[in-house]
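Let's walk through a protein structure together. Please take a moment to look at the sequence and the fold below.

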Amino acid sequence: MADLAARRTEPLEDDFERDLHTEHQILNMGPSHPATHGTVKFLIELDGETIVDLDIQVGYLHRGFEKECEAGSWYQAIPYTDRLNYNSAILANVGFCLAVEKLLDLETPERCQWLRVMAGELSRLGDHLTRCGAACLELQAMTPFLYGIEARELTWDLMEVLCGARVTSNYVRIGGVKHEMPATFPALCRSSVAKIRGLLHDFDEIVTSNRIFVDRLKGTGVISREECLRYAVTGPILRSAGVGLDVRKDEPYLVYDQVDFDVPIGEVGDNYDRYLVCTEEMLQSLRIVEQCLARLEKLGPGPVNSFDPRVRWPAKGRVFNHMEELIQQFKSVTEGPRVPAGEAYTAIESANGELGFYLVSDGSAVPVKVRCRPPSFINLAPMPGMLRGAMLADLIPTFDFINMVGGECDR
Amino acid sequence: MESFGSAALRLLAERLPAALRATHAQHGDATALIDPELVLEVLGLLRDAPELSFEMLTDLTCVDYQGEEPRFEVVYHLYSVAKNHRVRVKARVGGDAPELPSAVALYASANWMEREVWDLYGVRFRGHPDLRRILLYDGFEGHPLRKDYPKERRQPLVGPRN
């Protein structure tokens, strides 16, 4: 009998070392890595599996956005803004056009503003769905990713009906939008919104209280309120740290002051809070889309473009019969609008935070300066501080919920 | 909108009249053009004065006014979360090696944005802890957002850095 007790394996001691200290080694991760969505390179100094230091190298998608914009007309910059953030092209279109309109002192028709808000919220929804879906995928969960992508497909299908393109929409114009929404759009949009609600519900059921998901997210990638402010971090990251800053509420642009929606705020500032903030914002975006549809139907038919001759082409009938309009049309096509000399900065709330455009004009048809304040770039800067002392595996969800979008970060 | 601009600009005019070169509030954006050597004093005052409390350096960029001297205008956009107002501060630098003090000690967000301005415009920030190129690579020649850098110029791509 005594032998049995001697043969029994004792359980491992509870306090066995979590960290296996080793000689420090440098790990290259990226620029193209299967567990990150975004072209970026990390140089990680590791002690065992603990991150000692981290250097982030961005710029792999730099294509001279500002240089290209400063070489063409004001209109020619709009398609480039599409390519900043492939998930929410409309938001960048709106940001740029609002800045030009500020320089022009131009007021857009009410119907156009509601259309911009509606299209923008659909874009934001697509962006958040990508962020949450891809985060699941990179944490080895394929099914919720497919739910997210199915919902994103619905938003992109709506984009296609609205403006003819799924991703690079190029829908917004200086002083208006490309065209009125098709007559079939409201009914289609309502049914898609209902479907997206269902998918978000499924997503929530499978993910939000999933043990593995929660363990990977809770308490990782923590950033404090003060650090956020020092690094000028905005958007869901700042809100997850307990600051209720949202440009849509604090400096309402377009018709956001007439829309009813809430701004979710986290407490801890970890990845789990960021996830919760994003899922709640998606529901709020759906609410805004429904309000926009109702308002657009109530407003009835009306202009969606400013009649300001500086930015609009004259009516075709007059172009064919009057010399002045013919000249104006010719100048509009060959040269584009002339914007009064001056400078202006506008900020909008994009899916990642404050998307700003700082424009300088010398009064000609070519911009002197088109600066995009990219939230992806600025939000990525504090990442080393969020990860020092954390495990290597924590890098993946942290990077996912920072949601760096290469096109916008590297410009 | 009117109130924020005048408050920030008034305080600057009262406390640091030596730094202030010009002000305007075009399109409602309060703007101060300041002495480049006094950037840190101005930003420090705007950040720490309790009635202003600009906690965030939202944006930092540069504009090239080729043909003028000083040629470059470094532009700071500040935002206050507590007061919900904004101000724009600009400083002109020129010469062969344009340079002004780094704001990293005051605002951590200046770190990457100053690196970007150095990378694309070639304006140096004195006292920056790590002034490397950020969007382009070491070995890239010139600063492409300067107006005299030709848009069509091609440079060889290099492999990843280690």
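What follows is a short tour of the chains, their contact and some of their helices and strands.

This is a predicted model, in which local features need pLDDT of at least 70 and side-chain atom pairs count only at pLDDT 80 or more, while totals for chains, interfaces and linings use all residues. Residues are numbered from 1 along each chain as its sequence is written, and chains are lettered from A and ligands numbered from 1 in the order in which they are written.

**Chain A as a whole**

The C-alpha trace of chain A spans about 110 × 45 × 30 Å along its principal axes. Chain A has 18 helices and eight strands; helices (H or I, at least four residues) and strands (E, at least two) are DSSP runs, numbered from the N terminus. Of its 411 residues, 49% count as buried, meaning that 20 or more other C-beta atoms, placed from the backbone, lie within 10 Å of a residue's own. Two residues are in contact if their C-beta atoms, placed from the backbone, lie within 7 Å. Among contacts in chain A between residues at least 6 apart in sequence, 71% join residues at least 24 apart.

**Where the chains meet**

How many residues of chain A are in contact with chain B? There are 36, and they meet 29 residues of chain B. Several elements of chain A each supply at least two residues of this side, including α4 (89-104), β6 (342-350), β7 (353-361) and β8 (369-373). The side of chain A that touches chain B divides into 17 nonpolar, seven polar and twelve charged residues. Here Ala, Val, Leu, Ile, Met, Phe, Trp, Tyr, Cys and Pro count as nonpolar, Asp, Glu, Lys and Arg as charged, and the others, Gly among them, as polar.

**A sheet and a helix in chain A**

Strands β6, β7 and β8 of chain A form an open antiparallel sheet in the order β6-β7-β8; two strands pair if DSSP finds at least two bridges between them. At the edges are β6 and β8 of chain A, each pairing on one side only. From one strand to the next, the twist averages 15°. β7(A) and β8(A) share five bridges, and Gly356(A) stands opposite Arg373(A) in β8(A).

α4(A) lies across β6 and β7 of chain A, running at about 150° to β6(A). Such angles run from 0 to 180 degrees between N-to-C directions, with axes as lines fitted to C-alpha atoms, for helices over the stretch in contact. Of the 16 residues of α4(A), 16 are buried. Asp105(A), which follows α4(A), has a positive phi near 55°.

The table sets two helices beside their expected spans; an expected span is 1.5 Å times one less than the number of residues.

| Helix | Residues | End-to-end C-alpha span | Expected span |
|---|---|---|---|
| α4(A) | 16 residues | 23 Å | 22 Å |

Just after α12(A), Gly300(A) takes a positive phi of about 75°.

**Strands in chain B**

Strands β1 (residues 20-24) and β2 (residues 31-34) of chain B run antiparallel, joined by four bridges. They form a hairpin with six residues between them, and His27(B) in the turn has a positive phi of about 55°. Ala22(B) stands opposite Leu33(B) in β2(B), and Leu20(B) stands opposite Ile34(B) in β2(B).

Is the pairing of β2(B) with β5 (residues 85-93) of chain B parallel or antiparallel? These strands run parallel, with four bridges, and Leu33(B) stands opposite Lys90(B) in β5(B).

Note on methods: Buried ≥ 20, exposed ≤ 12 C-beta atoms within 10 Å, placed from the backbone.
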